[in-house]
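Please work through each task before reading its solution.

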Amino acid sequence: MSETIKTLLIVYLFVNIVVMLIYGIDKYKATHDRWRIPEKTLILAAVVGAPGALLGMYIFHHKTRKLKFSLGVPAILIAEIVIFVIILLKMKHVF
């Protein structure tokens, strides 16, 4: 595995950890009547880190009843997987 791919995977892992923590922070704020993270921000975070968003939703039991999140975040994850597979297939043709 090339150094570039290793670096990208580490960055992607870090981004997903941050996204999961964002969902946890918003859950904490929700249970303590504090200022909340806007839903648009949570969705945008899911776009850059869907696995982290999905983990955050279920670890912190947050936004799981909202249709926008319970259907949207898995759909974003599926889209990310499809894009990743397409990129991998195209990379094989390049090398």
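**Exercise 1.** Determine whether Leu-89 is buried, partly exposed or exposed.

*Solution.* Leu-89 counts as partly exposed because its relative accessibility is 47%; buried means under 20% relative accessible area, exposed over 50%, and partly exposed in between, with a 1.4 Å probe and protein chains only. This residue, Leu-89, belongs to helix 4 (residues 67-94), where helices are DSSP runs of H or I with at least four residues, numbered from the N terminus.

The model is predicted: local features need pLDDT of at least 70, side-chain atom pairs count only at pLDDT 80 or more, and totals for chains, interfaces and linings use all residues. Residues are numbered from 1 along each chain as its sequence is written, and side-chain values use heavy atoms, with hydrogens and water left out.

**Exercise 2.** Locate Ile-37 and identify which residues it touches, not counting those up to four places away in sequence.

*Solution.* Step one: Ile-37 sits in the loop between helix 1 (3-31) and helix 2 (39-48). Step two: its relative accessibility is 14%, so Ile-37 counts as buried. Step three: the contacts of Ile-37 (heavy atoms within 4.5 Å) are Ile-22, Ile-25, Asp-26 and Leu-42. Step four: Ile-25 is 12 residues from Ile-37 along the chain, and their C-alpha atoms are 8.4 Å apart.

**Exercise 3.** State what phi value Asp-33 has and what phi value His-61 has.

*Solution.* Asp-33, although not a glycine, has a positive phi of about 50°. Asp-33 lies in the loop between helix 1 and helix 2 and is exposed, at 76% relative accessible area. For His-61, also not a glycine, phi is positive and near 50°. His-61 occupies the loop between helix 3 (50-59) and helix 4 and is exposed, at 58%.

Terms used: Helix = DSSP H or I, 4+ residues; strand = E, 2+ residues; numbered from the N terminus.
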